[in-house]
Amino acid sequence: MKNAYDVIVIGGGPGGLAAAIEAKKAGADVLLIEREARLGGILKQCIHDGFGLVRFKEKLSGPEYVGRFIDEFHALQIDSSLLTFVTKIDHNGDGSFTLSCVTQKGIEKVTSRSIVLATGCRERTAKQVSIHGTRPAGVFTAGTAQHFVNILGLMPTKRCVILGSGDIGLIMARRLTLEGAEVVGVYEAKPTPSGLTRNIVQCLEDFNIPLHLSTTVTRVFGQERLEAVEISRVDEMMKPISGTEEIIACDSLILSVGLIPENEVAQSLGSLMDPHTKGPVADSRFMTSVPGVFVCGNALHVNDLVDYVSESGELAGRAAAMHAKNRDSDSGQEITIAADRTLQYLVPQKICREDAGGLMTVYFRTAKERASATLVIRSGDTVVYSRSFTNLRPPEMQRIVLPLMKMNLRDAVELKASLEEGS
């Protein structure tokens with residue numbers, strides 16, 4: 001690790017690797033910082049297939065997918081610092097940044113003209129879903145259970161209940177069943193599943209694992225080790241319905257209750273945050289509200305496909321390299337895209353006016369299931385873009401490329417996006 005770089009990428013998962021590779025190809029001097037001992041992020045433990053269908057038109061396992069980026073990363077001879085934690089980032093007077101890092105050698109400082117946040121996301125835990133009872137051993141997040149089985153080769157359970165129908169929980173229901181455990185069922189508080197349709201079919205239906213909707217875990221039992229859980233039906237407000245309680249004997253409760261972007265670094269830098277995505281607000285170059293700080297992948301918003309994590313990493317890495325070369329090119333003039341309540345969110349949330357003559361990659365999620373709907377973007381009362389969709393579901397993210405050059409945004413200040421019924 002040298003004293004100064006053009007671009008520093010924080011995070012060595014698929015988004016960070018893609019950002020570092022693209023920044024290097026754009027001519028930047030790049031350092032990638034990773035807190036673990038190996039590159040690859042969470043994909044190191046995702047040994048199931050299904051990765052790369054969009055990008056490579058192949059069905060790859062997680063290690064196979066990220067291995068392609070790791071090979072290219074090393075071929076380009078990009079600097080990296082593993083087992084390294086960024087503890088503080090200071091703004092310098094010239095627009096650059098100084099990062100204080102804890103490394104294997106001790107505390108080191110390094111400066112950079114721009115930063116890419118590729119810190120990924122974390123799982124919600126039992127404390128964030130307010131389950132009553134003691135705190136015995138045997139309560140795991142789905143990612144922790146996956147680490148036990150796929151990395152450590154240890155079985156964390158013989159008979160388990162899974163709370164939440166997120167994709168990692170669905171995949172672990174199948175994985176644990178294949179390893180000989182009994183999965184009593186998957187319990188989801190919402191009236192619809194939270195995971196991808198393909199995972200509902202391949203991980204639950206194909207293995208006869210029951211999915212119980214509008215049902216949640218309300219209590220755990222056990223002292224040293226979990227012995228049972230109480231499950232209850234919930235109403236439209238997801239409040240437990242008295243009299244519907246049922247006790248299920250089990251030795252483990254596995255939580256798959258959602259993911260949250262790792263945004264502590266962005267917040268410490270003063271970045272404006274989006275309350276819907278829980279990640280930073282970004283513009284068409286994936287730059288946050290802090291000039292020179294870019295964001296990608298699950299640090300921006302939780303993606304359902306790693307292919308799009310890599311794509312946003314490349315876009316952010318390229319933009320970070322351009323910023324490092326010519327910081328005066330950022331005009332600061334932006335057009336806001338406001339999503340209404342028909343959408344969970346839409347990112348990026350802003351358009352650099354200088355980009356209005358090109359293309360812009362946008363990701364969004366519907367707020368509810370829709371058999372057919374049209375995404376409509378308006379500037380005032382004028383429709384500047386529309387596209388029809390079928391079978392929209394909140395767990396399944398959508399990607400579009402906006403033809404900004406055809407949308408006549410010269411005088412636009414704010415765009416409004418909404419989903420309208422029908423096609």
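Me: Which residues is serine 310 in contact with, leaving aside its neighbours within four places in sequence?

Reply: Keep in mind that this is a predicted model. Serine 310 is in contact with Pro14, Ala18, Arg55, Tyr65 and Phe69.

Me: And where does serine 310 lie, and is it buried or exposed?

Reply: Serine 310 lies in helix 7. With a relative accessible area of 0%, serine 310 is buried, since the cut-off for that is under 20%.

Me: OK, helices 1 and 2 now. How do they pack?

Reply: Helix 1 (residues 14–25) and helix 2 (residues 62–75) have their axes 10 Å apart, at an angle of about 30°. Angles under 35 degrees count as roughly parallel, so these two helices are roughly parallel to each other. The crossing of helix 1 past helix 2 is left-handed.

Me: Which residues meet there?

Reply: From helix 1 you have Pro14, Leu17, Ala18, Ala20, Ile21 and Lys25, and from helix 2 Tyr65, Val66, Phe69, Ile70, Glu72 and Phe73. That contact has 10 nonpolar residues, two charged and no polar ones.

Me: Switching topic: what's in the largest nonpolar core?

Reply: It has 63 residues, and Val7, Val9, Leu99 and Val116 have the most contacts inside it. Helix 7 (residues 306–325) gives the most to this core, with eight residues. Another core, of 24 residues, lies apart from it, and includes Leu343, Tyr385, Phe389 and Met407.

Me: What does leucine 99 touch, not counting residues up to four places away in sequence?

Reply: Leucine 99 touches Ile8, Ile10, Ile33, Val86, Lys88, Ile89, Glu108, Lys109, Val110 and Ile115.

Key: Residues numbered from 1 in each chain as written. Predicted model: local features only at pLDDT ≥ 70, side-chain atom pairs only at ≥ 80, totals over all residues. Heavy atoms only, no water. Core = buried A, V, L, I, M, F, W, Y, C linked by side-chain atoms within 4.5 Å. Buried < 20%, exposed > 50% of the residue type's maximum accessible area, 1.4 Å probe, protein only. Helix = DSSP H or I, 4+ residues; strand = E, 2+ residues; numbered from the N terminus. Contact = heavy atoms within 4.5 Å. Axes fitted to C-alpha atoms, helices over the stretch in contact; angles between N-to-C directions. Parallel < 35°, antiparallel > 145°, perpendicular 65-115°, else oblique. Left-handed = near helix turned anticlockwise from the far one by under 90°. Nonpolar A, V, L, I, M, F, W, Y, C, P; charged D, E, K, R; others polar.
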